Amino acid sequence: MGSKTKDKLIDVARQLFAHKGVENTTMNDIASASDKGRRTIYTYFKSKTEIFNAVVNREAQSIIEKIADIPAMALPPDEKLMNFIFTRFEAVKEVVGRNGTLKASFFLDVRRVDRIRRVNKHKEIVLLKEILNEGVQQGAFRIKHVDKTAEILLMAMQGLDLHYIRDSFADLGINQLKLRFYLKDFLLNGIQNHENEAIEPIP
């Protein structure tokens, strides 16, 4: 019963935060909308900040659930990597989109963005490393430092999150199919001419 009550409080709070905004939602609002007393809420959460963090954790976990199985897919490493990137983009877009008023302020509050990103950072990097390591082992990827490459790749994806959510690429005449092609070409082939290339050692 306790777990169901807590889950309901988190879900009700998420909907209120989405509709009214976090700042305009009170613990009384959450109590009233969930048909629970304030005492019940404070049994599970000490403050609105704590319940907001629970909402963030729940939404962040929904992103991980969408990408968790990608490394185990029966696909070549390059396709796994692209599936990871675009499945993650779509999952982030879905989370931001369903949180209503949060969509407008989501990227304006740096602390809030960092909070959401920190929740998933380690898990996302672990999944990325699994894909990259497989690619290296199969000779598909030439990567000297998988750990750092995974971190940089994740930061690059985070930098594109807002543009993907707002569909800024459409303004450039780039649909999702073209975007996938361009990103794949850039990530896997780079911009340097590799003919007769002398491989430079990575420090």
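Helix axes are lines fitted to C-alpha atoms over the stretch in contact, and the angles between them run from 0 to 180 degrees between N-to-C directions. The helices named below are DSSP runs (H or I, at least four residues), numbered from the N terminus. This is a predicted model, in which local features need pLDDT of at least 70 and side-chain atom pairs count only at pLDDT 80 or more, while totals for chains, interfaces and linings use all residues. Residues are numbered from 1 along each chain as its sequence is written, and side-chain values use heavy atoms, with hydrogens and water left out.

**Packing of α4 and α5**

- The axes of α4 (residues 48-67) and α5 (residues 77-97) come within 9 Å and cross at roughly 150°, which makes the two helices roughly antiparallel (a term for angles over 145 degrees).
- On the α4 side, the contact (heavy atoms within 4.5 Å) is made by Glu59, Ser62, Ile63, Lys66 and Ile67, whereas α5 contributes residues including Phe84, Arg88 and Val92.

**Positive phi in two loops**

- Aspartate 35, in the loop between α2 (27-33) and α3 (38-44), has a positive phi of about 60° although it is not a glycine.
- Aspartate 167 is partly exposed, with a relative accessible area of 41%.

Note on methods: Buried means under 20% relative accessible area, exposed over 50%, partly exposed in between (1.4 Å probe, protein chains only). Angles under 35 degrees count as roughly parallel, over 145 as roughly antiparallel, 65 to 115 as roughly perpendicular and the rest as oblique.
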